[in-house]
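Please keep the sequence and the structure in view while reading.

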Amino acid sequence: MTVQNDDRADTAGAPVGLDATDEALEVWIDQDLCTGDGICAQYAPEVFELDIDGLAYVKSADDELLQEPGATTPVPLTLLTDVRDSAKECPGDCIHVRRVSDKVEVYGPDAE
């Protein structure tokens, strides 16, 4: 197999230099699965907030609570670790982080 400069792969077969931090990411919460524990809001209060209904929602860059089902918000690079940890620790497995470009989930219950 001939490998071009931009198509390099490491020994595990993953593209070299490409990971979730190389592309714009967005996050959304499936409120049907949210348990209201608030772990996400503890990890990343700039991105997540519990509403009066006891469920977590994402917030816009303007700090507005986005309550529409499936609403997404960009993941700032400076908060990526906190958002990733929120998805990993969420007891309801309801936090989904995906690439904006192709909508592939990189963190959360549907991540490969």
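Contact means that heavy atoms lie within 4.5 Å. The model shown here is predicted.

**C40**
- C40 sits in helix α1, which spans residues 39–43.
- C40 has a relative accessible area of 7%, and it counts as buried because that value is under the cut-off of 20%.
- Leaving aside residues up to four places away in sequence, C40 touches P45, F48, A56, S86 and I95.
- The C-alpha atoms of C40 and Y57 are 9.4 Å apart, and the two residues are separated by 17 residues along the chain.

**Helix α2**
- Helix α2 covers residues 80–89, and its buried residues are L80, V83, S86 and A87.
- Viewed down the axis of α2, these buried residues fall within an arc of 125°, so they line one face of the helix.
- The buried residues of α2 pack against α1 and against the strands β1 (25–29), β2 (48–50), β6 (95–99) and β7 (105–107).
- One of these buried residues, S86, is touched by C40.

**G108**
- G108 is found in the segment that follows β7.
- G108 is partly exposed, with a relative accessible area of 24%.
- Apart from residues up to four places away in sequence, G108 touches A87 and I95.
- A87 is among the buried residues of α2, while I95 is also touched by C40.
- G108 and I29 lie 79 residues apart in sequence, and their C-alpha atoms are 9.9 Å apart in space.

Conventions. Residues numbered from 1 in each chain as written. Predicted model: local features only at pLDDT ≥ 70, side-chain atom pairs only at ≥ 80, totals over all residues. Heavy atoms only, no water. Helix = DSSP H or I, 4+ residues; strand = E, 2+ residues; numbered from the N terminus. Buried < 20%, exposed > 50% of the residue type's maximum accessible area, 1.4 Å probe, protein only. Arc of directions from axis to C-beta.
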